[in-house]
Structures are given as C-alpha cells and as structure tokens.
Amino acid sequence: MTAILGVNCFSHDTAACLLVDGQVVAVGEQERFDRRPHTKAFPDDAVAYCLRAGGLDPQDLDAVAVAQRPWLDLARGGADAIRRLAPKRLAAQGVVDLRLLAQELDFRRRYGFRAPLVHVGHHDAHAAAAFFASPFEQAAVLTVDRGGDFLSTTLAVGRGNQLEVLAEIANPDSLGEVYSAITWFLGFTPNADEGKVMGLAPYGSTRLARELAELVRLEQQGRFRVDLRWFGYHREGKPVSRRFLARYGPPRQPEGPLAERDKDLAMAVQLLVEEAGLHLARWLRERSGLPRLCLAGGVALNSVMNFRLLQEAGFEDLWVQPLSSDAGNALGAALYVHHVLRGAPRRYVMDHPFLGPEHPPAAAERALAATGLPLERPADPAARAAELLAAGLVVGWYQGRGEVGPRALGNRSILADPRRAEMRDVVNHRVKRREWFRPFAPAILHERGPDYFVDYRPNPFMTMVEAIRPERQAEIPAVTHVDGTGRLQSVTAGFNPRFRRLIEAFDHLTGVPVVLNTSFNVRGEPMVNTPEEAVADFLRTEMDALVLGDLLVMKPERRRQLDPS
C-alpha cells in the first residue's frame, strides 16, 4: 500500500487529501470544519478527517505532498517588487515565507511524520488536479488564477502520467487579479465573491466592455499583459489605482445600492476574462494539437467562460476540476507526487465529488430529535421530498458524504420548485439571505438535457453555464437567469442515485425533470458539514422541510398547510 497525504496549507482555502494506491479516499476542506469561508487556518481538522477516513496514522504515510514551494514567490517576485519600487510588498513576502517555513516545521513536529515532505509548485498542483483526475489519457491543460509561486497562468500538455509545461505567465499579469480588483471595486470581497460579479454581469450593458478590455492586452503566443497603470494590487495598495478611480468614480460601498455603472462594469470584466480565456485556449489548442482540454485554478470556476471555451476554442471536450480553487491543490499535490515524481500509472478518475465527511444515521436522529418536531420516516425519502417540492415547499436535503468544491451537487442542497417564479426571491431572501441577483442551478435528468438546453453538453459538476431553450424558459422561471441561461447539473443514476430518484419523482408528479438546486448554507458561511449545522440552518431560516438521510421534519405551519385536518 502507498499512502500520500496532500495538503494545501499556506494560503486561503486550506485543505487535505488522502491518496491510497492512486485512489482518492477523502478530501477535507478546512472551512467546512472551522466554519470560516475560504479559511487560512492550518487544515488540522481536514488532515484528521482524511487520516480517519483511511484508517491511517501519520506514521503510515509514504509521503506528504505540500502544494507550495518555499521562497519561490520571494525569489521570482523580489526583483519585480524592487523594479516597481514596492519595498512593502518585498518585505511582506519575506515575512510571509518565514512564517510559512515555521508553520511547516511545526506541522512536521506535531504530527511526527517520518515520511518525506515533498513540495509541489502551486500551478503544478492545479494542473495535476485537472489532468490526473480527468478521464482523458492525453489533453491540453490550462491553469488560471490570481497567482501562486509568482505565476498566474500555465499552459501545458498532459500525457499518461506526465505533465509538460509549454508556457507560463508571471504575476502581476493576472486575469484573476483583474477580476478580483473589480470585485473589490463593486463592494464585494475579493477572493470570495467573484461568483457574485459573474451573476451580476448579465444585468449590465456592454457600454464599458471595450474600454475595460483595453486594460489587458492580448499578445502573440497566447500571452497577455495587464496595463498596471489602472491597478494597485501589485504594490500592496488598493486593488485599483487613482487613474481607475478618476475614470469610474468611487468604489461602491458594501451592501450599498447597485448603480448601472456597477452592473456595466461587472459585464465588462466578465467579457474581458472570457475573451482572454479564449485567447489562451485557442493558442493551446493550436500548439498542443490535442482535442481535449482540462482546466483548473480559481478562474476555472467562471462557468460562463468555461462553456465559451468548449464552444469557441476548437476543443471537442472539456473537463473542469470541480475543486478548482486552491483547496483542490491538496488533491493535485498528492496526484503530482504519485504520478510525476513516483512514476505510478493512472488508475483514478474523478467521476463524483462525494469525498467529504459522512455522519451516521444516529447523529441525524439526535439532531432532529432536539428540535422537538415530529419525525417522519418515509418509505421513500426522495419521493416524499419531491411531493413537498411540488406542493411549493423549500426542502433542505442532506445525504451521505459531502460533496467537495463550491457547488451543491445533491448531498448538501437546498431544493425548490423551478416552475414557481417566486422561488427565486423566496430562496434568495428568506432562506439564503443573499443578494437578489444571484441565480440558481437547474438540476436535470441527464437524458432530458437536450429537451431544455440549446447545444446541451453533460455537466455533472455544474462547471458550465448553458443556454436554456427559449420555449422552456417560462416553464422553469426560477432557474432561468436574466440572460436565459442556467448553470445546470446533469444527474445520472451512477453519479447520485438518491438525488436522481428525487428528480424522477418530481418529473412524475409535474412533468418537469428539473429541480432548483443551491448549496445548503446561508450567506457568510460554508456549506453545512454536520447534521447539527443542517438543523440550525433549517430552524433559523424560512426553509419548510428538512430531509436528513431517511428522516424528515417539517415546520408546523407547513404541516398544517398541507394537512389542515
């Protein structure tokens, strides 16, 4: 047996992964345990979960793969900081690297690892998570994010158990930094709320798109260059510069009203990143000669861009790592050590995301019993949940092992009836407590996808936004975004049997093979991890019913509504 622990522990989205004989046993995202979104805390809880899931002690490990190469940011970025007269950034990076080294030494001391600790480059880990978890024997591999090891972008080729980097783009030329800078300007939180900008974009016009696009120059050989006169992120200052503020005015205040300027800027930066992404992907398609593309890095969570890459960059197929954030680098680091450094053949395909913790039925029963609400034990929980959805109830749905990544894929979900237009506001305002413009995902029976989506492509991990057929949009208004699209989830029996059963039952009752699916959490917290957390969210929101495993509870007023007698 060969056991490798992968760890992302030196920045945000800390996480751990256990790989045994090339198979992924468990992935733990630290934010699910400490309840701090995008946490920077050392992933002790995630490490403990992974070792527990594999039945291993630290001494059983053959290697610990760490998704960071010490001093590389400082070595590559130091000269850049000096050239740009940014001594604060240089000093800050030195302090950070010293702190990370101390943290690593403490990690080894506390766990008593005898196994070698292997450092894997940030983008090497992203590329490995994308390619080695994909179903492709060979593919082009694109990684795009804000930055890591002073790189923002890599263009590579994967063949068998090897990765070859064809080109790299260094910071501060970074699409992720540009998108995050606009995220900050729009009053949202950088490195967390970029999805809000993507959701807001279709409400804007294209009037600012051309002038904003000029801030990123697309060059030959698939390269791009950011006009840094408009930004400040590279100087440890505000994300945008005085020049930017002079052109566009003061930043929007968090929670303030959204002006037309804000919507238009969201549209402009979204189009900028889409066009730059296409520029990168087209060069990679031509240079590699390969018809398949793998994608990872924070920018790969831009599901609107992803579908355009598939449609317009010349590739026949696209596989996006569902854990594309830095949390996925725990997985990528372990896979990189196993395949590239140790030469092991590939055996693993990430055909489902259910790698998080699972809690025993007794835990669910205890959590529900504490509510004092009557417990139901339906013979078919999925069919019962479908009945409640068809009756207009919002249902919390908690099953099996948690999915990894930011998308709810049927085990930690809040569900509603997509036929009811009011459900968009009900779930956004009274359940999720989030912004009015945020869209919801249509989870659909895979074989019915072509009936509802134009140019339907299977999308089990919810990594692409696709156009809903115009004649179907009025049928499922709660999951149809303002531009007529939906970030769909294709559901098969092999992917998630019980969730599939629920949608089938809803289809039988309503004739619509789609349910509204969103992550089981409220604004400001990660997806629920334990049954107790699911119950707490159920009680403090206007969710109507909760299904935990085989058990169901309902708010008294909803029970009376359904059964007045």
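Trainee: With which hand does helix 10 pass helix 11?

Mentor: Helix 10 passes helix 11 in a right-handed crossing, the term for a near helix turned clockwise from the far one by less than a right angle, with anticlockwise being left-handed. Before we go on, this is a predicted model in which local features need pLDDT of at least 70 and side-chain atom pairs count only at pLDDT 80 or more, while totals for chains, interfaces and linings use all residues. Residues are numbered from 1 along each chain as its sequence is written, and side-chain values use heavy atoms, with hydrogens and water left out.

Trainee: Good to know. At what angle do the axes of helix 10 and helix 11 cross?

Mentor: Roughly 40°, and the axes of helix 10 (residues 260–288) and helix 11 (residues 303–312) come within 9 Å. Axes here are lines fitted to C-alpha atoms, for helices over the stretch in contact, and angles run from 0 to 180 degrees between N-to-C directions. The helices themselves are DSSP runs of H or I with at least four residues, strands are E runs of at least two, and both are numbered from the N terminus.

Trainee: Which residues make the contact?

Mentor: From helix 10 you have Q270, V273, E274, E275, G277, L278, A281 and R282, and from helix 11 V304, M305, R308, L309 and E312. Contact means heavy atoms within 4.5 Å. By class, the contact of helix 10 with helix 11 has 6 nonpolar, 2 polar and 5 charged residues. Nonpolar covers Ala, Val, Leu, Ile, Met, Phe, Trp, Tyr, Cys and Pro, charged covers Asp, Glu, Lys and Arg, and the others, Gly among them, count as polar.

Trainee: And helix 13 with helix 19, how do their axes sit?

Mentor: The axes of helix 13 (residues 361–369) and helix 19 (residues 531–540) come within 8 Å and cross at roughly 30°. That makes helix 13 roughly parallel to helix 19; the cut-offs are under 35 degrees for roughly parallel, over 145 for roughly antiparallel, 65 to 115 for roughly perpendicular, and oblique for the rest. Helix 13 also passes helix 19 in a right-handed crossing.

Trainee: Which residues meet there?

Mentor: A363, A364, A367 and L368 in helix 13 meet P531, E532 and V535 in helix 19. The classes in that contact are 6 nonpolar, no polar and 1 charged.

Trainee: What does strand 4 pair with?

Mentor: Strand 4 pairs in the parallel sense with strand 1 (residues 3–8) over 4 bridges, and in the parallel sense with strand 5 (residues 117–119) over 3 bridges. A65 of strand 4 stands opposite G6 and also opposite V118 in strand 5.

Trainee: Are the faces of strand 4 (residues 63–66) covered or open?

Mentor: Both are covered: A63 and A65 on one side and V64 and V66 on the other are all buried. Buried means under 20% relative accessible area, exposed is over 50%, and partly exposed lies in between, using a 1.4 Å probe and protein chains only.

Trainee: Where's the antiparallel pairing?

Mentor: Strand 2 (residues 15–20) and strand 3 pair that way, over 6 bridges. A16 has G28 in strand 3 as its bridge partner.

Trainee: One more: V512, buried or exposed?

Mentor: V512 is buried, with a relative accessible area of 4%. V512 is found in the loop between helix 18 (497–510) and strand 19. Leaving aside neighbours within four places in sequence, V512 is in contact with R419, Y452, E475, I476, F506 and D507.

Trainee: And how does R292 count?

Mentor: R292 counts as partly exposed, at 32% relative accessibility. The place of R292 is in strand 11 (residues 292–296).

Methods: Pairing = 2+ DSSP bridges.
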